[in-house]
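Please look over the sequence and the model shown here before reading the report.

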Amino acid sequence: MDVRATAKTVRFTPRKVRLVLDMVRGRSVEEALAILKFTPNHAATAVAKVVKSAAANATNNNQLNAENLYIKACYANEGVVLKRFMPRAKGNAAQILKRTSHITVVVSDEK
């Protein structure tokens with residue numbers, strides 16, 4: 001059975017979150033959390049929260065065994081983009097795009 005968890009509007013760019021997700025895709029939940037704990041990327045903390053949430057959803061809502069869970073799929077889609085402006089030379093302004101992500105993790109107990 002597949003169980004998912006999603007974190008919406010996380011203030012990390014999707015490109016940087018995908019680098020972290022590529023490290024844990026297809027691994028067991030315990031192994032993925034150990035990898036994320038020692039990953040020197042700020043997006044790893046947000047991904048770890050989503051993995052823990054998906055595992056908790058599987059054990060509490062669907063009565064799945066926590067030891068058998070593995071990450072079946074994980075992806076980061078683009079969320080809303082906050083548009084800001086920065087003053088530049090000669091009275092101009094430059095646009096700054098502050099990107100956000102929607103992080104989704106799907107865990108399953110069957111291979």
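## Basis

This is a predicted model, in which local features need pLDDT of at least 70 and side-chain atom pairs count only at pLDDT 80 or more, while totals for chains, interfaces and linings use all residues. Residues are numbered from 1 along each chain as its sequence is written, and side-chain values use heavy atoms, with hydrogens and water left out.

## The sheet

Three strands form an open sheet in the order β1-β3-β2 with antiparallel pairing, where strands are DSSP runs of E of at least two residues and helices are runs of H or I of at least four, numbered from the N terminus; two strands pair if DSSP finds at least two bridges between them. The edge strands, each pairing on one side only, are β1 (2–10) and β2. β2 and β3 pair in the antiparallel sense over 15 bridges.

## L97 in strand β3

L97 lies in β3, which covers residues 93–108, and K83 stands opposite L97. These two residues are 14 residues apart in sequence, yet 5.0 Å apart in space, C-alpha to C-alpha.

L97 is partly exposed, with a relative accessible area of 38% (buried is under 20%, exposed over 50%, partly exposed in between, with a 1.4 Å probe and protein chains only). Not counting residues up to four places away in sequence, L97 touches V81, L82 and K83, contact meaning heavy atoms within 4.5 Å.

## Helix α2

In α2 (residues 29–37), the buried residues are V29, A32 and L36. Seen down the axis of α2, these fall within an arc of 60°, so they line one face of the helix; the arc is that of the directions from the helix axis to the C-beta atoms. What covers them includes α1 (14–24), α3 (43–61), β2 (70–87) and β3.
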